[in-house]
Amino acid sequence: QVRLVESGGGLVQPGGSLRLSCAASGSILNLYGMGWYRPGPGNERELVAQITSFGSTNYADSVKGRFTISRDNAKNTVYLQMNSLKPEDTAVYYCTVVARNTILTPASRYWGQGTQVTVSS
C-alpha cells in the first residue's frame, strides 16, 4: 500500500507563512494527482490545492494568490507553501494522492493523517 507522511504544520501569526510537506512511500508504480484538503463549513473535506503528474495546478478561490502547490516526483513528495495566512486558514490539512501499486491493480486514492495549522496572534 501507500503511506503518506505529512509535516510542516504548526502555529503561526496572521500574515505569516508555513510550508507543508507530504511524502509518499510504499508500493508505488505510478503516482498521479497529489493535493491538499481541509474541512469545510460542513466538516466535509474541501479541496485546497491539487497538482497533476504533469504539473497542472488548481486552487480553491479562498487561497488563490496566497498558496502554492508543487511536487518533487523524484522524492514522491508534494508541498504546499502557504503565505499571508489568515485565521480562517486554521484547520487540519490532509494530504491525498492517487497512486497505482501494480500494473494489475487500478489507481486508488490515499489519505494522510492530517497536520494541524493554526493561525492566531
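# Questions about a predicted model

In this predicted model, the link of C22 and C95 is left-handed, with -80° about the S-S bond.

Me: What makes the link of C22 and C95 a disulfide?
Reply: The S to S distance of C22 and C95 is 2.0 Å. The cut-off for two cysteine sulfur atoms is within 2.5 Å, so the pair counts as a disulfide. A search of the whole structure finds one disulfide.

Me: Why is C22 with C95 said to tie together parts of the chain?
Reply: C22 lies in strand β3 (residues 18–26) and C95 in strand β9 (residues 91–100), so the pair joins parts that are 73 residues apart in sequence.

Me: Are C22 and C95 buried or exposed?
Reply: Buried means under 20% relative accessible area. C22 has a value of 0%, so C22 counts as buried. C95 has 0% as well and is therefore buried.

Me: Why is the pair of Y37 and W111 called edge-to-face?
Reply: The structure holds one aromatic pair. The ring centres of Y37 and W111 are 5.2 Å apart and their planes stand at 75°. Centres must lie within 6.5 Å, and planes over 60 degrees apart count as edge-to-face. The rings of Y37 and W111 are therefore an edge-to-face pair.

Me: Which strands hold Y37 and W111?
Reply: Y37 is in strand β4 and W111 in strand β10 (residues 108–111), so this pair ties together parts 74 residues apart in sequence.

Me: What makes the link between the side chains of R38 and Y93 a polar contact?
Reply: The distance given for this contact is 2.6 Å. A polar contact needs a pair of N or O atoms within 3.5 Å, so the distance passes.

Me: Where does R45 lie relative to the ring of Y94?
Reply: R45 lies over the face of Y94, at 3.7 Å from the ring centre. R19 lies over the face of Y79, at 4.1 Å from the ring centre. The distance cut-off is within 6 Å, so both values pass.

Me: How do you know that β7 and β8 pair?
Reply: Strands β7 and β8 (residues 77–82) are joined over six bridges in the antiparallel sense. At least two bridges are needed, so the two count as paired. R71 stands opposite V78 in β8. The two strands form a hairpin with four residues between them, and N76 in the turn has a positive phi of about 50°.

Me: Which residues of strand β7 are on its covered face?
Reply: F67, I69 and R71 are on the covered face of β7 (residues 67–72), while T68, S70 and D72 are on the uncovered one.

Me: What does V98 touch?
Reply: V98, in strand β9, touches N30, L31, Y32, G33, A107, S108 and R109, not counting residues up to four places away in sequence.

Methods
Residues are numbered from 1 along each chain as its sequence is written. This is a predicted model: local features need pLDDT of at least 70, side-chain atom pairs count only at pLDDT 80 or more; totals for chains, interfaces and linings use all residues. Side-chain values use heavy atoms; hydrogens and water are left out. Buried means under 20% relative accessible area, exposed over 50%, partly exposed in between (1.4 Å probe, protein chains only). A polar contact is a pair of N or O atoms within 3.5 Å; within protein, one must be able to donate a hydrogen and the other to accept it, and residues adjacent in sequence count only if both atoms are side-chain atoms. Rings of Phe, Tyr and Trp (its six-membered ring) pair if their centres lie within 6.5 Å; planes under 30 degrees apart count as stacked, over 60 as edge-to-face and the rest as tilted. A charge sits over a ring if NZ of Lys or CZ of Arg is within 6 Å of the ring centre and within 35 degrees of the ring normal. Contact means heavy atoms within 4.5 Å.
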